[in-house]
Amino acid sequence: MVVGRKKIYYGWIIVAVGVIMMMSYGIVNNCISLYVVPICSELGFTRKAGAFMSTLYSAGGMLVSAVSSSLYQAIPVKKSMRVAAVTLSAAYFCYFFADKLWQFYIISAVAGCAMWLLAYVPYAIILSNWFHKRTGFVIGLTYMGTGIGGMLFSPVVGRLIETVGWRECFAIMSIIVAFAVIPGSFIVRDKPEEKGLLPYGERNADEAARHISEPEGMYFHDIIRSPRFYAIAIGLSALSFVNTGFAGTFAAYMSDLGYPISVASAVVSGNMASLAVGKISLGWIYDKLGNIVGTALSGAFLAGAVVAGLLMPGTLPIIFEIALFSLGFAFGSVAIPIIAMAAFGERSFSRVNGMFMTATGIAAAMGPVFSGYICDTTGSYAGSYRAYVVIAAVFTVVIILCLAKKEKVLNRT
């Protein structure tokens with residue numbers, strides 16, 4: 001008698017596709033800064049004007065986050081992802097033809113919207129539908145693709161720009177992105193019922209149906225009246241502000257300290273590798289040790305990484321900065337949907353998560369601006385980094401207190 005093999009749960013296939021989707025995010029978002037210098041040198045743009053492309057990527061993400069809840073009520077998530085996959089690939093290819101600044105800006109805005117609509121926003125919803133257990137782990141596992149994409153393709157993009165030129169590099173990478181995301185968008189399914197399956201962690205159909213028909217959590221009209229909602233939103237935004245304010249200027253900070261660009265690039269690549277490990281580790285920590293421990297560790301690592309940067313130059317501070325970068329900078333992507341679910345439940349998750357991502361996106365866009373202002377005023381990024389240590393510590397405590405209050409209330413009911 002031949003015993004048939006047990007099929008792989010389809011949710012894990014969706015996770016694997018998600019890792020590839022997130023790698024495309026790493027290619028598009030993490031590598032765009034590599035194009036700024038050659039584009040500005042060839043076309044005569046200022047560095048500030050060229051760097052604004054990155055700001056438009058973030059603006060696109062904020063727009064998508066703000067409208068995502070209403071959008072997904074009208075259009076299935078998987079269909080919007082298919083449109084986004086084609087749009088992102090086409091927009092990235094259009095850079096090949098651009099020669100006016102406004103053209104770069106339009107392409108960047110479109111690519112930013114498509115990029116977030118493809119992976120970052122919808123996967124938080126899809127994973128919460130497919131996995132009712134080990135949710136933190138699968139979110140961390142999926143989102144680690146952004147770090148892998150940035151780590152693997154940053155040197156590839158740099159080499160291609162040097163050898164074939166930035167236009168040809170955009171064309172080549174757009175083809176890679178297309179082959180990575182378009183087929184995957186047709187594999188994804190919004191819910192396990194579409195494949196005749198139960199969510200991971202549910203034992204029977206009745207239990208799963210009850211979970212769907214009677215989702216736990218607060219109603220949205222009660223959430224937006226809750227001071228705890230605004231406290232968490234401010235706390236998450238503050239930590240995102242620290243995240244981008246430090247990470248977005250760290251290479252320049254190292255250059256100011258006298259490190260050659262080759263060393264700074266190697267450290268940034270090390271940070272991306274550390275981030276990939278940190279995302280999956282942080283998801284596991286949230287699952288196994290709880291929301292308060294996960295948030296406390298991530299906040300401590302975030303502040304610690306900035307402290308390590310302040311202690312440079314030196315080999316030991318660099319080692320500590322790379323190590324602490326892992327959990328600290330994984331917070332921005334992994335923790336937001338987990339905290340949204342933990343604090344307010346599943347009933348209004350997509351709307352709450354979308355609002356949190358919008359708020360944190362605005363804060364993230366301002367972080368590098370603040371660091372740049374402090375550097376222009378004082379001649380160093382160190383002043384902004386000292387402020388980041390305090391901000392990270394204070395608002396980590398704020399989020400922990402909000403989560404602790406939630407658990408206390410639940411224990412009484």
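## Burial and the basis of the model

Buried means under 20% relative accessible area, exposed means over 50%, and partly exposed lies in between (1.4 Å probe, protein chains only). By that cut-off D190 is buried, because its relative accessible area is 10%. D190 sits in the loop between helix 7 (166–185) and helix 8 (205–213). Helices here are DSSP runs (H or I, at least four residues; strands are E, at least two), numbered from the N terminus.

This is a predicted model: local features need pLDDT of at least 70, side-chain atom pairs count only at pLDDT 80 or more, and totals for chains, interfaces and linings use all residues. Residues are numbered from 1 along each chain as its sequence is written, and side-chain values use heavy atoms, with hydrogens and water left out.

## Around K78

K78 and D190 are 112 residues apart in sequence, yet their C-alpha atoms lie 6.1 Å apart in space. K78 is buried, at a relative accessible area of 18%. Its side chain meets that of E194 in a salt bridge, 2.7 Å from N to O. K78 lies in helix 3 (residues 77–94) and E194 in the loop between helix 7 and helix 8, so the pair ties together parts 116 residues apart in sequence. E194 is partly exposed, with a relative accessible area of 36%.

## Other salt bridges

The structure holds four salt bridges. The criterion is a side-chain nitrogen of Lys or Arg within 4 Å of a carboxyl oxygen of Asp or Glu. One of them joins E42 and R167, with the closest N and O atoms 4.0 Å apart. That pair links distant parts of the chain: E42 is in helix 1 (residues 10–43), R167 is in helix 7, and 125 residues separate them. R167 counts as buried, at 18% relative accessibility.

K100 and D99 also pair through their side chains, at 3.7 Å from N to O. K100 is partly exposed at 42% relative accessibility. D99 is partly exposed too, at 36%.

Nine of the nine residues of helix 5 (residues 122–130) are buried, so the helix is largely enclosed by the rest of the structure. Among them are P122, Y123, I126 and W130. S128 and N129 are also on the buried list.

L275 is found in helix 12 (residues 261–289). L275 is buried, with a relative accessible area of 9%.

## Helix 10: packing and surface

The axes of helix 10 and helix 13 (residues 291–310) come within 11 Å and cross at roughly 30°. Axes are lines fitted to C-alpha atoms, for helices over the stretch in contact, and angles run from 0 to 180 degrees between N-to-C directions. The two helices are therefore roughly parallel to each other. Angles under 35 degrees count as roughly parallel, over 145 as roughly antiparallel, 65 to 115 as roughly perpendicular, and the rest as oblique. The crossing of helix 10 and helix 13 is left-handed, meaning that the near helix is turned anticlockwise from the far one by less than a right angle.

Helix 10 (residues 227–247) also contains Y230. Y230 is partly exposed, at a relative accessible area of 43%. With I224, I234 and M355, Y230 forms a nonpolar surface patch of about 360 Å² accessible area together. Patch members have over 30% relative accessible area and no salt bridge; nonpolar side chains (Val, Leu, Ile, Met, Phe, Trp, Tyr) are joined within 5 Å, like charges within 9 Å. Accessible areas come from the Shrake-Rupley method with a 1.4 Å probe, and for residues only the protein chains shown count as cover.
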